[in-house]
Amino acid sequence: MVIDPRSHTPVYVQLADLLREQIESGALAAGANVGSETRLSQEHQIGRDAVRMAISLLRSEGLVTTSRPFGTRVREAPQRRQVELEAGSSVIARMPTGNERRTMQLDEGVPILEVHGPTGDVELLPGDEVELTRPPNA
């Protein structure tokens, strides 16, 4: 896929689509460096602002993480643990507040699950690390 500056689709969306395709196909494996802003800008002949916006979009989708000094890397798929819901429990999925994201050390784009127990207790779980199951007779 080549980025077309004359397209109705913004160039940052085109770059995000291109990188997303590479991630989903395995061409960019988990932990792989996506490339610096400068390299991506030069390689695709687009501005650094467009590269920043594309990376931001992929970060919000939970596909990449950015940290110093490592740069932007493809996000590792987290190990999931099973959490069995008690009978009478309910779950609400939502995006975390900034404070919740920092406290739970969540990457951007990762939702949290609010598990409301039958007695009114509430447990917050990272949406990318758990698999909710129901009791056998629920």
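Which residues touch the most other members of the largest nonpolar core? They are Leu15, Leu19, Val34, Ile55 and Val64, in a core of 18 residues. A nonpolar core here is a set of buried Ala, Val, Leu, Ile, Met, Phe, Trp, Tyr and Cys residues joined through side-chain atoms within 4.5 Å. Buried means under 20% relative accessible area, exposed means over 50%, and partly exposed is in between, using a 1.4 Å probe and protein chains only.

Before going on, a word on what you're looking at. This is a predicted model, where local features need pLDDT of at least 70 and side-chain atom pairs count only at pLDDT 80 or more, while totals for chains, interfaces and linings use all residues. Residues are numbered from 1 along each chain as its sequence is written, and side-chain values use heavy atoms, with hydrogens and water left out.

Touching, or contact, means heavy atoms within 4.5 Å. There's also a second, separate core of six residues, including Leu85, Leu113, Val115 and Val130.

Now follow α3. This helix has 13 residues and reaches 18 Å from its first C-alpha to its last, close to the 18 Å expected at 1.5 Å a residue. That expected span is 1.5 Å times one less than the number of residues in the helix. Which residues of α3 are buried? They are Ala50, Val51, Ala54, Ile55 and Leu58. Seen down the axis of α3, these buried residues fall within an arc of 135°, so they line one face of the helix. The arc is that of the directions from the helix axis to the C-beta atoms. What do the buried residues of α3 pack against? Their partners are α1, α2 (37–44), β1 (64–67) and β2 (71–74). After α3 comes Gly62, whose phi is positive, near 80°.

Helix α2 can be read in a similar way. Its buried residues are Leu40, Ser41 and His44. They cover an arc of only 100° around the axis, which puts them on the same side of α2. The buried residues of α2 pack against α1 and α3. Following α2 is Gln45, with a positive phi near 55°.

Next, the strands. β1 and β2 pair in the antiparallel sense over four bridges; two strands count as paired if DSSP finds at least two bridges between them. A hairpin joins β1 to β2 through three residues, and Ser67 stands opposite Gly71 in β2.

Strand β2 also holds Arg73. Is Arg73 buried or partly exposed? At 29% relative accessibility, Arg73 counts as partly exposed. Ignoring residues up to four places away in sequence, Arg73 touches Gly31, Ala32, Asn33, Val34, Leu63, Val64 and Thr65. Take Gly31, which sits in the loop between α1 and α2. Gly31 and Arg73 are 42 residues apart in sequence and 5.5 Å apart in space, C-alpha to C-alpha. Gly31 is partly exposed too, with a relative accessible area of 25%. Beyond its neighbours within four places in sequence, Gly31 is in contact with Arg73, Val74 and Glu76.

Then there's Arg75, in the loop between β2 and β3 (81–84). At 17% relative accessibility, Arg75 counts as buried. A polar contact of 2.6 Å joins the side chains of Arg75 and Asp107. A polar contact is a pair of N or O atoms within 3.5 Å; within protein, one must be able to donate a hydrogen and the other to accept it, and residues adjacent in sequence count only if both atoms are side-chain atoms. Setting aside neighbours within four places in sequence, the residues in contact with Arg75 include Gly62, Val64, Asp107 and Asp128.

Finally, find Glu100 in helix α4 (residues 98–103). Glu100 is buried, with a relative accessible area of 17%. Which side chain joins that of Glu100 in a polar contact of 2.8 Å? That partner is Arg94. Not counting residues up to four places away in sequence, Glu100 touches Arg94, Ile112 and Leu124.

Technical notes: Helix = DSSP H or I, 4+ residues; strand = E, 2+ residues; numbered from the N terminus.
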